[in-house]
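My entries follow the structure.

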Amino acid sequence: MNAKVHSELRAIVGDRGIVDSPTRIVPYESDGLAILRQRPELVLLPRTTEETAACMQVLHREGVPIVPRGAGTGLAGGATPVEGGVVIGLARMREVLELNVEDRFARVQAGLVNASLTRACEKHDLFYAPDPSSQRACTLGGNIAANSGGPHCFKYGNTTQHVLGLVIVTHDGEVLELTESDVEPLGYDLVGLFVGSEGTFGIATEIKLRLVRRPPVVETLLAIFTDLDSACETATKMIARRLEPSAIEILDKLTIQAVEDSVFAAGYPREAGAVLLTEVEGLEEEVSATSEDIRAIFSECGAIEVRTARDDAERLSLWAGRKGAFGAMGRVAPDLYVADACVPRTKLGAMVQQTVEIAKELNLRLATVFHAGDGNLHPNICYDRRDQDEVRRVLEAGRRILESCVDAGGSLSGEHGVGLEKLEQMEYQFAAEDLATMCLVRDVWDPDRRLNPGKLIPLRACMETRAAFIGKTPQDIAR
Amino acid sequence: MSPAKIRTSEELVDYAATLDCIHCGLCLETCPTYQLTGVETSSPRGRIHLMRAVAENNLVPDDAYRDEMEFCLVCRHCESVCPAGVRMGEMMSVARDSMHEDAPRSLGVRLARWLGFRVLLPNRAALRISGSLLRFAQKSGLLRWLAEHSPVAREQFAALAALPTVAPANLRRMLPARSPAIGSHSSSQTSVVSMFEGCVMPELYSQVNRATETVLTRLGAEVCTNPAAVCCGALHAHNGDLAGARSLAQKLINAYEPRESTEDSASTPIVVNSAGCSAHMKELAHLFDSADPWHARAEALAKRIVDFSEYVAPRLAEEQPDLRLDLSAPITWDNPCHLCHGQSIREQPLDILRSIDFGSNAFVELEGSESCCGSAGIYSALRPQDSADILDPKLDALKDSGAKLLITSNPGCQMQWQSGIRRRGLDVEVKHLAEVLDDALSRSVPESELDANERGE
Ligand SMILES: Cc1cc2nc3c(=O)[nH]c(=O)nc-3n(C[C@H](O)[C@H](O)[C@H](O)COP(=O)(O)OP(=O)(O)OC[C@H]3O[C@@H](n4cnc5c(N)ncnc54)[C@H](O)[C@@H]3O)c2cc1C
Ligand code: SF4
Ligand code: SF4
């Protein structure tokens, strides 16, 4: 891109909307997965859909690759820039455009931070349900792109169940409005298709989201165990007996200790082998009945203590501890690799065993937290990225953990998406034909492959489909 | 000014501390400069990323780097939410120190820094004279003229012009060396406390110091002041003059170390009514290497430091005086960053305010009362535009709250609010917590208990 294009873009977004100094651009080189780094050529921070579209038109004309970015909390390298590419950041698009209390929805700009939406509507007794642990920082646009989950998604469902409509800017700068009919979807569910597309279909600029009524009664329970196995067994039993808490989360010993050392110390007992945090919501009778059943399982599985949050403050503190767990691991080592493994819930215990063995074999320090309700576990591996050999072992552990998930009938990703991190394993989970079909869909949205190129679907698969289509070999295409 | 020593790139920043950051991003939303710009580089995570890049030779410090470091308010809000325990305040002190040593600065800037940091702040006589000069410049209109017409430093003169009017010299006198406790008290023995008067407080906010002293004596403390303690060096440490900060720390330690000639014993609490100073004094040991004997002496001093609200709240709870202050409009509280984020003091000021019956005028909450007002020491003078932009959303919140009296407990914040309120044309008064409590106490203490000295005021 030459200076003329730079100034054309600057004219669109204004001086404060462009980051092009070689120094200022440095922190954009990675997202939450800091081992992957690539400095972009330019960062643009538009304020509106129109500005975004105008930028996209210029970049389309110039054939420049684009990486969308929300808050950069993604853990799979989805927002890692590409060489010579432009990052379009949504961080300045954080207005609540409409709050409709009667019909319970909000229209927001895509850069609004997840927790800000709940803050904006809580005085009406409403909240936005998907609550990734990063909710105080991550953007709703990023949530859409990754179809993010969170502890309470066990009850309320992942992001996709809460999206009613989108305004997107396409690869060539066109603005499209995609709406989901509230009653019965008519025609193709394009919103559903867009959610989880990790920035490869377009940039979401405005989002219409469902809001949920606050439950009248909430009870938060913390069960303390001497070992991790019993905690996992408890979760499995809770689900087998069809109890319906809104969340079931487990933290292991190392995680507990890190959290207790941090500003989010929640009073989890340091000597515990594991804690299980669960919440029951609903009407008074419902809640007390369910919580009684849950307590019975706790004692069956050998919980040494069960605590109930006495008030909102204590409830929030128990959750803040859980949500600060990733960051608290910063006390253990400079870097943390968060694997995002998902298995059928009955296999949770076996999967834990396997991750422990993998870590032991590769001589790595492991701490695990679980969204146990969803069969989603995050084996967190502590490392120091300056140690090349350790990085190699971490990546190997990551690969092996994901492959064992697939082998166990699970999935590559519970909620963090594929990004750059899991590209290779996509080929482990999917047959070549499946990947080729995905490429065909992708090509409809982005025929030039300039939107988040090299993410989500392995390049090889893409090249093969295209070659088949136009009768050329992948080698020809690569050239 | 000592000659710059050559530093390796790892020494340009606190490299080990940068490794604490795990890149989770949980701090982003709390950072006022990220709020303002939406730029990752102007966030805590972004700044640490830059520092680490410098240490690892992936980035050569340039003007853009220095500007990002100076854009930070050192409000430490990020520390309050960082699960990894990042210490931004300390990291910024190191990064800025190396910047000021290494960067070529204009003669004017170097001269101003030297005059301010090395001549004015550490020296009571110079402070007193400056107080009088400032009063003259304010009264005569000279300052206003300079703010509009000066060929140099016009923004800085404007910042000076925005300062509160300096009181006449007879009201700016220092506190007496000892003030006895007033009245009878439920605690078995009255205690002795040492009160830190501060560098600019006696010049700009002498009434706050007097209120602090009266409150302490009314709560049963005998209050001593220490003329050898002048400036704590917080401004130096935050603004890239670690050598200056160390030397002032040593003076302070010397001043307060127990010896026959002073009232101070190893356990006498030192009450500080400026949150920025109390925060810094509690962390004084950070300035010295742990092997340095000064480190232990600094720690001993730090143990004695208590913020005004921290000292007062439990005593008030014990005494339970009947406090009433009928005001005509609602009041609100804005927590200084270095109180809530620097010292985790959140409940004590609220407890104090809750102990006062404000009549029908309820206490209203100020939205974002833990976010920075943009004062940030001398930031408001160094970067007036950014400082005003950061205050703007808080002024909106103040207006929405409907409060007519805003209470805080740090002189910088008090000034920043006063000038912002004037700029907006709002009708809100700003007071220090001690002033409000003093008002309430003076109305509840029977006249007979006031000693002559008190009534003479
Ligand atoms: C401490 C911590 C805890 C976390 N906990 C959870 C959790 O509980 N559950 C969970 O699911 N995830 C979790 N994550 C991962 C991450 O927060 C989520 O993936 C989140 O949705 C990312 O949002 P973001 O705004 O940071 O997006 P980014 O990281 O900036 O981007 C993520 C992806 O979305 C794309 N994208 C961003 N904005 C847009 C847009 N407007 N239009 C199109 N594409 C876009 C990017 O290109 C990228 O591919 C956690 C991360 C951290 C650091
Ligand atoms: S919260 Fe702490 S660990 Fe997380 S990015 Fe911010 S400074 Fe780093
Ligand atoms: S100290 Fe304040 S301004 Fe500086 S990075 Fe932290 S939150 Fe931002």
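**Conventions.** I work with a predicted model, where local features need pLDDT of at least 70, side-chain atom pairs count only at pLDDT 80 or more, and totals for chains, interfaces and linings use all residues. Residues are numbered from 1 along each chain as its sequence is written, chains are lettered from A and ligands numbered from 1 in the order in which they are written, and side-chain values use heavy atoms, with hydrogens and water left out.

**Cores.** I looked up nonpolar cores first, meaning sets of buried Ala, Val, Leu, Ile, Met, Phe, Trp, Tyr and Cys residues joined through side-chain atoms within 4.5 Å. Buried is under 20% relative accessible area, exposed is over 50%, and partly exposed is in between (1.4 Å probe, protein chains only). The largest nonpolar core has 46 residues, and the members that touch the most others are Phe225(A), Ile250(A), Leu276(A), Phe298(A), Phe370(A), Leu377(A) and Ile381(A). Helix H7 (residues 228-240) of chain A gives this core its largest share, six residues. Helices (H or I, at least four residues) and strands (E, at least two) are DSSP runs numbered from the N terminus. Apart from this core I find another one, of 43 residues, including Leu44(A), Ala110(A), Leu126(A) and Tyr128(A).

I then listed the contacts of Leu377(A), where contact is heavy atoms within 4.5 Å. Not counting residues up to four places away in sequence, Leu377(A) touches, among others, Ala339(A), Val343(A), Leu348(A), Met351(A) and Phe370(A).

**Interface.** How many residues does each chain bring to the contact? Chain B brings 42 residues and chain A brings 45 residues. The area buried between chain B and chain A is about 3,300 Å², and carbon and sulfur atoms give 53% of it. Buried area here is the accessible area (1.4 Å probe) that two parts lose on being put together, summed over both. On the chain B side, Ile22(B), Leu26(B) and Pro83(B) lose the most area to chain A, together 19% of what that side buries.

I count three salt bridges between chain B and chain A, a salt bridge being a side-chain nitrogen of Lys or Arg within 4 Å of a carboxyl oxygen of Asp or Glu. The side chains of Glu40(B) and Arg69(A) form a salt bridge at 2.9 Å, N to O. There are also 13 residue pairs in polar contact between chain B and chain A (both at pLDDT 80 or more). A polar contact is a pair of N or O atoms within 3.5 Å; within protein, one must be able to donate a hydrogen and the other to accept it, and residues adjacent in sequence count only if both atoms are side-chain atoms.

Helices of chain B that each supply at least two residues of the side touching chain A include H2 (32-37), H3 (44-55) and H21 (384-401). H3(B) gives the largest share of that side, six residues.

**Asp389(B).** I find Asp389(B) in helix H21 of chain B. Its relative accessible area is 19%, so Asp389(B) is buried. Leaving aside neighbours within four places in sequence, Asp389(B) is in contact with Arg16(A) and Leu36(B).

**His23(B).** I noted a positive phi of about 70 degrees at His23(B), which is not a glycine. His23(B) sits in the loop between helix H1 (15-18) and H2 of chain B. Is His23(B) buried or exposed? His23(B) is buried, because its relative accessible area is 6%.

**Arg104(A).** Arg104(A), also not a glycine, has a positive phi of about 55 degrees. Arg104(A) is in the loop between strand S5 (96-100) and strand S6 (105-109) of chain A. With a relative accessible area of 35%, Arg104(A) is partly exposed.

**Arg37(A).** Arg37(A) lies in the loop between strand S1 (18-19) and strand S2 (42-44) of chain A. A polar atom of the Arg37(A) side chain lies 3.0 Å from the backbone oxygen of Ala34(A). Not counting residues up to four places away in sequence, Arg37(A) touches Glu29(A), Ser30(A), Thr80(A) and Arg385(A).

**Thr217(B).** Thr217(B) is in helix H12 (residues 206-218) of chain B. Thr217(B) counts as buried at 3% relative accessibility.
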